[in-house]
Amino acid sequence: MKNAIGVEIPEYIEGLGKLEPFQGVWNSIIEDEVPVTNISRTLKAKKPHVSKLCKNLEEAIKRCKPFDGMTVTCHHHLRGGDGVLMQTIKILDEMGIKDITLASSSLTSAHDGLVPYLEKGMITRIFTSGIRGALGDAISVGKLKYPAIIHSHGGRVRDFLTGRIKPDLSVLAASAADEEGNATGAHGPSAFGSMGYADIDARYSRNVIIVTDNLVEYPCVPCTVRQHFIDYVVKVDSIGDATKIASGTTRITNSPMDLRIARIAATVIEHSGLFKNGMSFQVGAGGASLAVAKFLREDMKRKNIIGSFMIGGVTSYGVDMLNEGLFHSIFDVQSFDAAVSTSVLNNPNHIEISCDQYANPNNCGSMTNKLDVVVLGALEVDVDFNVNVITGSSGEIRGASGGHSDTASGANLTVVVCPAFRGRLPIVKDRVHTVVTPGESVDVIVTERGVCVNPSKPNLAAKLKEAGVQVVDIHDLKVEVEKMTGVPAEKQLGDQIVALVEYRDGTIIDVIYNVKNLS
Amino acid sequence: MTPKFKAQAGTFESSDIMILIEPLEKDSGRKVDISSTVMLQFEEDIKATINQVLDTLQVQDLHLIAKDKGALTQTIEARVETAVKRSLGIQEGTM
């Protein structure tokens, strides 16, 4: 069956079940009514004054009675510095547990070590919002038994609530926790800030273990994760390396190209009609998109604009803007550098939120639906304004869906920033290799060679032209770019589906086939 | 014409190409080795561009090594031309 963007979607996939085709951004979200059953919280019991402390992670996992075919979840707040997921998988493997579904909120460079576990069938299914590096390559050539499911951050919460993901064991790192499992990421030697993703695992998993390198006196204050959801607590020497939270994607770029694109994007925002007091704003991590914040900051000061709130994906750059009074508050689901945790801890206007409140399409108050402006990156865009943030130039999995489609769907103005070409590879295509965010929810694409406005927004195009912005037809831009770069050879793909891209409402928006040649 | 010296042009920067040329014995023809970050997408294009420049300059008996980081055609042409002219001793430059 074909979905709304013309992709052939299998009706059924062994090991994953029935699939629903994507039907449009809002088609499956019916007001005041959710057309699926939702799961109830696991009932648990614990007698008074019994200790939850275990002597090590192995003992805690044993007490959770792991079994073949179980679903294991972790959070990715420590990003490239995470030390807990690999420990968990290693312990389960040593116990002989197999056929595991891994449902980490995202997977990073810290998880390249998972490849051998895929190869031997210890891990057979993966649900996650991002896959990179050696793990991405391994899945791209077909080493995972069943196709990986790439969901958005909001979609993950929905997957928990509908039972699409049924977590049996959640091992959650915290930078401070007490003996009952009250836990936070806001302080301690390995502080990593918000625990917005982990909060969902804690609430809905059958067994929850808090792992911390910093066991504090009861009660742990403040705490995001609350004790009444937590089964066991383990003190370990290290939960990972909090200094590796900030990757290259979370700093302001020095690249003249990215700065130029960011400057243009800030001008687009300024003339969009939304640049006024009370504006809410989000920028994605990564090169040009984060740099937009730098120019927006200057423009806001110049025009005396005070914004309402920022959400994210919070960097120390965003914290600086909060402290300067440019925004009233920050809603923080994930802190992109360790320095942000101090602000989470001390600033009452820096509000930690769960991923449910951030982006779940099936609640009645997600922050993404209150967004005015979001600036997002792209690996590729196409003439229909679809955006790829998951597959690279060979068709390999090397990115993250993250909150891309969540924020794009909710924001009044969705701005995608990307260079027209990267190292000879044209970025504007007839069709992106993999659609993560549908063009229906993208308003403007900003490149160094012109700004493309979605034909569904003619008034916006007119406003920008009036302001002197170089507005170009995206088809013309594509031709111009290919004149310079040449047309790349077709990708060498197989016919095995290695991953499915799940839209935030649970439907399938695109499929990813195995790659024959990796560059 | 045949090269007299080892020569190079270009850098290892992104969007540039590094060209190395070494002279070969008479009647050895051309040996061209290419590695590129966009090999899968543009191998044939890069090969054709390099050979075209070598044809235009009518050079033979050389080993050309190209290390490409996604250079555009014009960049490749300029780097190859410069490397060839340096190897012929008709243009000054490094090596």
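At what angle do the axes of helix α1 and helix α2 of chain B cross? They cross at roughly 40° and come within 9 Å. Keep in mind that this is a predicted model.

**The α1 and α2 pair in chain B**
- Helix α1(B) covers residues 39-57, while α2(B) covers residues 73-88.
- On the α1(B) side, the contact uses Ile46(B), Thr49(B), Ile50(B), Val53(B) and Leu57(B).
- From α2(B) come Thr73(B), Ile76(B), Glu77(B), Val80(B), Glu81(B) and Val84(B).
- Sort the residues of this contact by class and you get seven nonpolar, two polar and two charged.

**The α8 and α9 pair in chain A**
- Helix α8(A), residues 287-302, packs with helix α9(A), residues 316-323, at about 20°, and their axes are 10 Å apart.
- That angle makes α8(A) roughly parallel to α9(A).
- Here the crossing is left-handed.
- Leu290(A), Ala293(A) and Arg297(A) of α8(A) meet Tyr317(A), Gly318(A) and Met321(A) of α9(A).
- The classes here are four nonpolar, one polar and one charged.

**Where the chains touch**
- Chain B puts 14 residues in contact with 12 residues of chain A.
- Helix α1(B) turns up again: with five residues, it gives the most to chain B's side.
- That side of chain B has six nonpolar, six polar and two charged residues.

Methods:
Residues numbered from 1 in each chain as written. Chains lettered and ligands numbered in written order. Predicted model: local features only at pLDDT ≥ 70, side-chain atom pairs only at ≥ 80, totals over all residues. Axes fitted to C-alpha atoms, helices over the stretch in contact; angles between N-to-C directions. Helix = DSSP H or I, 4+ residues; strand = E, 2+ residues; numbered from the N terminus. Contact = placed C-beta atoms within 7 Å. Nonpolar A, V, L, I, M, F, W, Y, C, P; charged D, E, K, R; others polar. Parallel < 35°, antiparallel > 145°, perpendicular 65-115°, else oblique. Left-handed = near helix turned anticlockwise from the far one by under 90°.
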